[in-house]
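Please work through each task before reading its solution.

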Amino acid sequence: MTRPPIYIVSDSVGETVELVTKAAMSQFNGARVDLQRIPFVEDHTTIDEVISLAKLNQGIIVFTLVKPDMRKYLTERANQENIFAFDVLGPLIDQFEEISGVTAKYEPGLVRKLDEDYFKKIEAIEFAVKYDDGKDPNGLLKADIVLIGVSRTSKTPLSQFLALKRYKVANVPIVPEVEPPEELFQIDGRKCIALKISPDQLNHIRKERLIALGLDAKANYAKEERIKQELEYFEQIVNRIGCHMIDVTNKAVEETANMIVNYLKKIG
């Protein structure tokens, strides 16, 4: 049985074309085929080298080159040397352009960039869950953003929303009876965001929370005196760190998140 080597040619890493080729080869009773990947092909010289190899070893070429001139050159050279060369993406790109009237970007590696973006987002979401509510102080040193605030200032939903924007966020609740972790005072104060809220709104939010849980709305958690004590302690911590403060009173999570992102862009 003749098993010609297959040269996998791509202007990116070549994962897409290799997967397609392996899928096709799986139909041949598990026949072992020599696949040789040639990634990041950006010039005619490299194509000429691949053509020479394929001719010498009686191989075939399977390729994904998005730039029309590169596709055309490889196809023409393969035809000249009687080498079978299969274009995986080109015909679909050309056909879709013709049908839709939309011009392709012709930029190599876009699938990989999209995948990287996706995995960064997942990593940020997992980070936000792991380091939510001060669970592990070590996360403060690894975070892009550290949120601090008293209870019910939307630290958790804000952390998750910022994670969707690929920021690694940790948050720490500020409670008078609990000394904040040492790591909070070791981080760069510029990446620490303090979430301020008016006593009246906090009182309302906490009462609603207690009612939703089936608890007494007059509990100490929602009393004005207790709230005032917490907010005073919170401001002491903020001053100690020297972090940026955002008033979240009557603000949606999305609005606060945008303010944080704009602040980070501003400070570089």
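Predicted model: local features only at pLDDT ≥ 70, side-chain atom pairs only at ≥ 80, totals over all residues.

Residues are numbered from 1 along each chain as its sequence is written, and side-chain values use heavy atoms, with hydrogens and water left out.

**Exercise 1.** State how many salt bridges the structure holds, and locate the partners Lys 55 and Glu 81.

*Solution.* A salt bridge is a side-chain nitrogen of Lys or Arg within 4 Å of a carboxyl oxygen of Asp or Glu. The structure holds 12 of these salt bridges. In the one between Lys 55 and Glu 81, the closest N and O atoms are 2.6 Å apart. Lys 55 lies in helix H2 (residues 44–56), and Glu 81 in the loop between helix H3 (68–80) and strand S4 (85–87), 26 residues apart. Helices (H or I, at least four residues) and strands (E, at least two) are DSSP runs, numbered from the N terminus.

**Exercise 2.** Determine whether Glu 230 and Arg 206 are buried or exposed.

*Solution.* Their side chains meet in a salt bridge of 2.7 Å, N to O. This pair links helix H9, which holds Glu 230, to Arg 206 in helix H8 (residues 199–212). Buried means under 20% relative accessible area, exposed over 50%, and partly exposed in between (1.4 Å probe, protein chains only). Both Glu 230 and Arg 206 are buried.

**Exercise 3.** Identify the network that contains Asp 48.

*Solution.* Salt bridges with shared partners join Asp 48, Lys 55, Arg 77 and Glu 81 into one network.
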